[in-house]
Amino acid sequence: MSYLKIWDAPEGAIGRDDFEVSVRIPGQNWEPLFVYEAKVDMHHVRQASMAYFDMEGTVEVRVESLKGPIQQAVIRPLSKRIPFEVEDAVVTFRLEEPCKLSIEVNGDRFSNLHLFANAPEENPPQPDAPNVMFLKPAIHRMADIDRLANRPLQPGGAAPEVIYFGPGMHYLEETIFRIPSGKTVYIAGGAIVVGSLVCDHVQDVAIRGRGVLYLSDFHRFSAFRGVRITFSHHISVEGIVLLDPPHYSIYIGKSEHIRIRNFKSFSTRGWSDGIDMMSSSHVEIDDVFLRTSDDCIAIYGSRWDYKGDSRCIHVKNSVLWADVAHAMNIGGHGDYRRGGDLIEDIKFSNIDILEHHEPQPGYWGAMNINVGDNNTVRNVCYEDIHVEDFELGQLVDLRVVFNEKYNPAAGKRIENVEFRNVTYNGRNENRNRIHGFNPERTVGGVTFTNLRINGELILSAEQGNFDINEHTHDIQFRIEYPFSKKGAWGDQGDGTYVNPVLPGDFSDPDVIRVGDDYYGISSTLHCSPGMAVLHSKDLVNWRMIGHVVKDLTSIGPEYNYDRMNRYGRGVWAGAIRFHKNKYWVYFFTPDEGLFMSTASDPAGPWAPLHQVWAVSGWDDCCPFWDDDGQGYFVATHFADNYNIHLFKLSEDGKELLFDSDTIIHQYKGSEANKLYKINGTYYFFHSEVRLEEGVEVRVVMMLRSEHIYGPYEEKEIIHTHGKEIDREPNQGGLVQTGSGDWYFISHQGSGDFEGRPLHLLPVTWVDGWPIIGNDIDGDGIGEMVWGGRKPLNGHPATDLSTNDDFDRAALEPYWEWNHQPRADKWSLTERPGYLRLHACQPIDKDNFFTVCNILSQRAYRTAHNEATVRLEIGGMADGQEAGLCHFAKTHCTIGVHQRNGTRVLKFNHSGTMEWGPELSGSTLWLRSVWNLDGISRFEYSVDGDHFTSFGDAYQLGWGNYRGDRIGLYSYNGEREQGYIDVDRFCYEVENI
């Protein structure tokens, strides 16, 4: 289903008449777009054009040049590969997904058309909602807005949560709007707000909409920014357009947890950068378009009133156009008096650079790291960067510098910088620089993997036109085969996906579609909370949103911290269905029986767990409601020769009607049951163990019948060739998209250290049978598929990285405890902003698997994984051990052990220990690093800057039907004393 939304411009909006632009859903009438003026380029300000709309599905675009016939046209970014047709003065093309484009005719990049096709807004506020303060077009006094925003909208009611600028022209009398904490500022499509938005010492603020923020009439030295975010946290900016700010588009100072998405900006003044960050962390910039007259993106340490390091910044899926200076700039400012700042863990991925023009050679570099002020820049990754031909500059500039104009001191060093899958098609006339400053202030550990310049793979500095001076080391140029598949997973950013879509332990999945949303569940066994719930908009990009079972002891006492006796058992495979406007989940535990719960929102809360049947020896169940409302239930009695039974359900779904029990199938290992009714035919999905090519493997089968009790006919629907070839896709569910296409979500049945990862396979129907995967030999049975076109486009890619500051009221859904934790031994409130883990006495002090309150998350199998925790250990007591752990069948820990008042570093690999140095400080950083091979290496640091390897390498593994878990532990084998405070847990996952 295609979707298209446009907005009228308000009276007073400044337009351009270089182009006429119309859009339509195929087969419908053309709808004209208003074309705004967008000024560009500081050196010679010119009036370009800009138009925007929202879309989903397929939309056709018609652009007519009003300057006469089109001799030549181009649509950029070129990486989008959008086909188009030209006839006389008209360009036409079709869009299949949201994107940000430049349409340029007759070689003119400055009077071009910028076209922004946005994805539909998610849950936009409604102007008449009870929590919304609606502002009509006017000149607004900030005192009036402040007064209205802080008083109830209705007598006895609450103050508004949303300040809504409706369509029309809005003028902020004092120019600056200081937004209070907890508010959303919404600028509607068709609205123009003349003024600047400021978030200063606030939290939980959202700025969003489809309108325009306009600052073009203010003088350069007014220094107004579009959006200023200072000393604030949890701020988001989404969807708006900014026109011609006198200074930065978005200015971020000493702030954290900032999210900027689908932001578009144009600037023409000196120092009118795009998004600048000083002393800030945990910033995500996604799907932005920045055409600026200074750096598009700049990342610094200390500057002006903002002091401290910058880290954990990710810029992705964006288009950068620097009419002046750098597209990406890092490192220029810091606190030289205190020895400089650390700027680290920076990533740019899937970026299109459309221009880099800088008259001053000292400021060349589309990708630039110039380190001054005693700063250190490290752990920077540029991945999937597409650089088009630019006017003046150079591709790469990495230098430790002493810039007297800006830096009282030279920089300290640049280390561990990776350029992966960077392509540049251009002149490459000016030499790329990698320069250290002196023998102590160096550049090292720079790797170029699959660098292509004008289609040629670069294997040496000379070949790539690089100037590398003597104060550098470990500079490498290399090729990695295959380019896109080694460690690849999920959304590839080009309309395709690679299996697995989730490279971690999401076992026993089931999936449904409700409207335009997809919901899945995954078994959690002995982990608490139980039965993970996931959400997706496109079947490729998933995120965890909650759990069904809040407390495992509602199943039975063996799950509690004082017994911990259900490893590999507990919450097994279940099914999720939507019925009577509720979500229903059923599952068996192999020992306690059948349980169910319901919820109106799959994210929770879920109703208290209801035990349908106290029984053992059953698994893999699924409910089904027929057209007449009668409910049915299918499950395997694995303790009785794997007989599969069909029951009727009571009307409320809380009982099985045992007098209806019928065995409908039996075969060795029959399980993974699902029941569907499709086009009037009943389909019973399951898997079973069969002999294939002389080897027993689990194969996927389908039964079908015109009657629910049969008789059924049977067919194999995907071949299985074993662990080494396809890893046995089996347990899962069928789902149909809104457009009518079918897919199969499955786990890989053969577990490794990553567990049983999630895969997506296409489904085709032949003669009334579903065929999973591709039928490559025409035998009517599918084969495993390792990727393909995404079912739907336009939705953000999964980011598995988890960076937790523990500043929320509840743990994030990706955290799970090993069995049910002891509630009085952990807290997020005893010390706000920290996770406090008190030490418990284990059931058996010599058995790590009896240590309660181990908090963990899934360890993924990607090209690079790095989990770092910052601990405050001043509250430890004698006999206490605490730290970072991996565990599955075996375990391995790096931590601190206090004895006789002395804290000592300790490594423990399943009982084989190594002691390290004494720790005199109260703060400790611990880290685990592993790659595709799953070999983990532990590191520690006492200052957060310099990490030292400690202990032997540890092979992550599989055990108790679980992949490896990475987590935190704290216990005391002698007495219940001591605690640690966890300040931050940062798990960076390679997203390929």
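This talk covers one threonine and some aromatic rings in a predicted model.

Residues are numbered from 1 along each chain as its sequence is written. Because the model is predicted, local features need pLDDT of at least 70, side-chain atom pairs count only at pLDDT 80 or more, and totals for chains, interfaces and linings use all residues, while side-chain values use heavy atoms, without hydrogens and water.

I start with Thr-268. At 6% relative accessibility, Thr-268 is buried (under 20% relative accessible area; over 50% is exposed, in between is partly exposed; 1.4 Å probe, protein chains only). Leaving out residues up to four places away in sequence, Thr-268 touches residues including Lys-39, Met-42, Asp-244 and Ser-293 (contact means heavy atoms within 4.5 Å).

Now the rings. The count of aromatic pairs comes to 56. Rings of Phe, Tyr and Trp (its six-membered ring) pair if their centres lie within 6.5 Å; planes under 30 degrees apart are stacked, over 60 edge-to-face, and the rest tilted.

Take Tyr-519 and Tyr-583: the centres are 5.4 Å apart and the planes stand at 75°, so this pair is edge-to-face. Tyr-519 is buried, at 11% relative accessible area, and Tyr-583 is buried too, at 6%.

Trp-815 and Phe-985 have centres 5.0 Å apart and planes at 75°, so they are also edge-to-face. Both Trp-815 and Phe-985 are buried. One aromatic cluster includes Tyr-586, Trp-613 and Phe-658.

Last, charges. The charged end of Arg-836 sits over the ring of Tyr-979, 3.9 Å from its centre (NZ of Lys or CZ of Arg within 6 Å of the ring centre and within 35 degrees of the ring normal). Arg-858 has its charged end over the ring of Phe-506, 4.6 Å from the centre.
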